[in-house]
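This briefing concerns the surroundings of the ligands and selected side-chain contacts. Please examine the sequence and the structure below before reading on.

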Amino acid sequence: MLRFFNTLTGQTEEFRPMREGEAKMYYCGPTVWDYGHVGNFRSVICTDILRRYLKFKGFRVTHVMNITDVDDRIIAQSLKAKLPIDEYTEKYIAAFWEDFEALGCERPEVVPRATRHIPEMVSLIEKLEDRGHAYRSDDSIYYRISSFKEYGKLSKINFAGNIAGASERIDTDKYEKEDARDFALWKGAESPDEPAWDTGIGRGRPGWHIECSAMSMKYLGETFDIHAGGVDLIFPHHENEIAQSEGATGKQFVKYWIHYEHLKVNGESMSKSKGNYYTFRDLQEQGFSATAVRYYLLSVPYRKQINLTLEGLRAAEKTVGSLRDFHARLKEAKVEPGANEHLRDAERRALEEFEAGMDDDLNTSVALAAIHNLTREVNTAIADHALYEENKRELLALIERFNSVFNIFVEEQPLLLDEEIQKLIDERQEARRRRDFARADEIRYELNSRGITLEDTKDGVRWKRR
Ligand code: AMP
Ligand code: ZN
């Protein structure tokens with residue numbers, strides 16, 4: 001029986017989707033103002049494990065992940081770069097997908113971008129105005145929190161006092177609000193430099209929270225099963241999403257709210273604003289493989305914090321290496337017909353323990369322990385010539401099943417030959433001459449992910465293997 005800890009009820013509950021055999025989930029995806037840090041990717045990977053395990057359990061999954069491609073940081077950075085926001089965010093969207101794929105994540109079914117859903121947001125805001133949940137002040141529109149009696153039901157925060165500034169991401173607008181807690185649904189255009197849309201509610205741009213209500217309900221319906229994100233989003237973002245969606249529809253918005261703990265550095269949440277962050281690219285530059293980073297980030301159950309350490313990453317690198325060796329040894333093992341029943345018991349036990357762990361609120365560390373125990377037993381059997389044909393076939397299939405969730409048994413890419421490296425470097429130089437910097441970056445990234453570091457010197461490009 002699959003159970004999740006539901007932030008809304010504060011309890012671990014059996015997962016019972018609205019429609020049998022189907023799971024509809026939404027994850028608050030990246031804000032593409034810069035490269036994501038590995039903390040962001042912890043959340044991305046937790047979501048990947050969630051979707052993959054739902055599929056493992058036989059659910060048909062519809063997974064939506066938004067891309068926030070307009071917000072204050074994007075506007076500020078694109079103004080600085082003198083680029084329209086779409087051109088500015090393009091690079092970071094491409095980088096996000098590169099990292100996403102390198103880290104072995106499966107693409108969600110739907111990936112809506114905020115800037116492509118302005119009409120949906122406008123009509124939701126109009127509904128909120130009709131129902132008395134929104135009001136205008138100057139050219140902006142705010143959500144009237146006092147009109148939504150259940151405000152606070154997710155975060156369980158006591159709203160008696162003034163809570164402006166309670167979170168980094170709370171809206172601290174300069175406009176006039178009825179109540180300091182009220183948040184912006186729509187921000188009237190202030191200067192001609194800002195990106196703005198001409199709509200039935202005026203010229204301006206959406207507040208940050210409205211996009212997730214509008215896009216999740218568009219693709220998943222007014223009520224859906226699972227909404228996920230990092231713990232930082234519980235308040236105010238998800239609280240506001242509930243107020244917006246339930247205020248507009250009068251129906252329950254989401255059944256299960258799942259929140260991931262943060263990746264920390266020296267006890268503090270990794271974040272851009274604190275400056276204590278590494279991107280995935282930084283870790284690759286230091287020689288860590290994508291699979292090791294994935295393993296490291298998924299090995300701790302999602303409700304526990306992880307404190308990022310290089311020793312931990314090195315240990316993960318070793319572990320994924322030994323899993324890879326194990327897989328290769330198993331594939332190459334010479335076997336006689338028949339089966340070892342003792343080993344069969346171990347196979348059954350491993351699958352049971354894996355599933356029991358994952359059923360228990362996605363306890364990845366229990367599930368991984370089941371895999372490691374099995375590899376030890378199989379290694380012993382191989383050494384003792386006690387692995388038989390049927391065991392081998394079953395074990396390879398079992399690894400496929402485990403891997404459909406974890407994706408950590410990954411073949412090593414063959415070493416690049418010197419000529420191949422030189423060819424790619426030449427191609428990169430040619431791309432730069434054409435000013436095709438996207439292609440040039442792609443090649444650098446490809447080489448980097450294959451363990452080759454480039455150094456641009458005045459005498460040309462030098463490379464070295466890590
Ligand atoms: P953002 O790009 O800031 O909108 O965040 C994207 C996702 O990363 C959200 O689900 C956040 O909750 C999550 N997130 C942000 N910081 C961390 C962190 N240090 N550890 C884990 N997840 C994080
Ligand atoms: Zn969101």
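The model is predicted: local features require pLDDT of at least 70 and side-chain atom pairs count only at pLDDT 80 or more, whereas totals for chains, interfaces and linings use all residues. Residues are numbered from 1 along each chain as its sequence is written, chains are lettered from A and ligands numbered from 1 in the order in which they are written, and side-chain values use heavy atoms, with hydrogens and water left out.

- C28 lies in the loop between β3 (22–27) and α1, and C212 in helix α5 (residues 210–220), so the pair ties together parts that are 184 residues apart in sequence.
- Helices (H or I, at least four residues) and strands (E, at least two) are DSSP runs, numbered from the N terminus.
- Both C28 and C212 are buried (buried means under 20% relative accessible area, exposed over 50%, and partly exposed in between, with a 1.4 Å probe and protein chains only).

**Shell around ligand 1**

- Ligand 1 is surrounded by 18 residues, and the closest are T31, G39, S43, D232 and L263; a residue is near a molecule if one of its heavy atoms lies within 4 Å of it.
- The side chain of D232 has an N or O atom 2.6 Å from an oxygen atom of ligand 1.
- Polar side-chain atoms of N40 and Y27 also lie by oxygen atoms of ligand 1, at 3.1 Å for N40 and 3.4 Å for Y27.
- Taken alone, ligand 1 exposes 500 Å², of which the protein buries 92%; accessible areas come from the Shrake-Rupley method with a 1.4 Å probe.
- The elements giving two or more residues to this shell are α1 (38–56) and β10 (224–230), and α1 gives the most, with three residues.
- By class, the shell has six nonpolar, nine polar and three charged residues; Ala, Val, Leu, Ile, Met, Phe, Trp, Tyr, Cys and Pro count as nonpolar, Asp, Glu, Lys and Arg as charged, and the others, Gly among them, as polar.

**Aromatic pairs**

- The whole structure holds 20 aromatic pairs; rings of Phe, Tyr and Trp (its six-membered ring) pair if their centres lie within 6.5 Å, and planes under 30 degrees apart count as stacked, over 60 as edge-to-face and the rest as tilted.
- The ring centres of Y53 and F354 are 6.5 Å apart and their planes stand at 70 degrees, so the pair is edge-to-face.
- This pair links distant parts of the chain, with Y53 in helix α1 and F354 in helix α10 (residues 341–359), 301 residues apart.
- Y53 counts as buried at 0% relative accessibility, and F354 is buried with a relative accessible area of 0%.
- Ring pairs join Y53, F56, F354, F402 and F406 into a cluster.
- F224 and F253 form an edge-to-face pair, 5.3 Å centre to centre with 85 degrees between the planes.
- F224 lies in strand β10 and F253 in the loop between α6 (234–249) and β11 (254–260), so the pair ties together parts that are 29 residues apart in sequence.

**A buried arginine**

- R205 lies in strand β9 (residues 202–206) and is buried, with a relative accessible area of 10%.
- The side chains of R205 and D72 are joined by a polar contact of 3.0 Å; a polar contact is a pair of N or O atoms within 3.5 Å, and within protein one must be able to donate a hydrogen and the other to accept it, while residues adjacent in sequence count only if both atoms are side-chain atoms.
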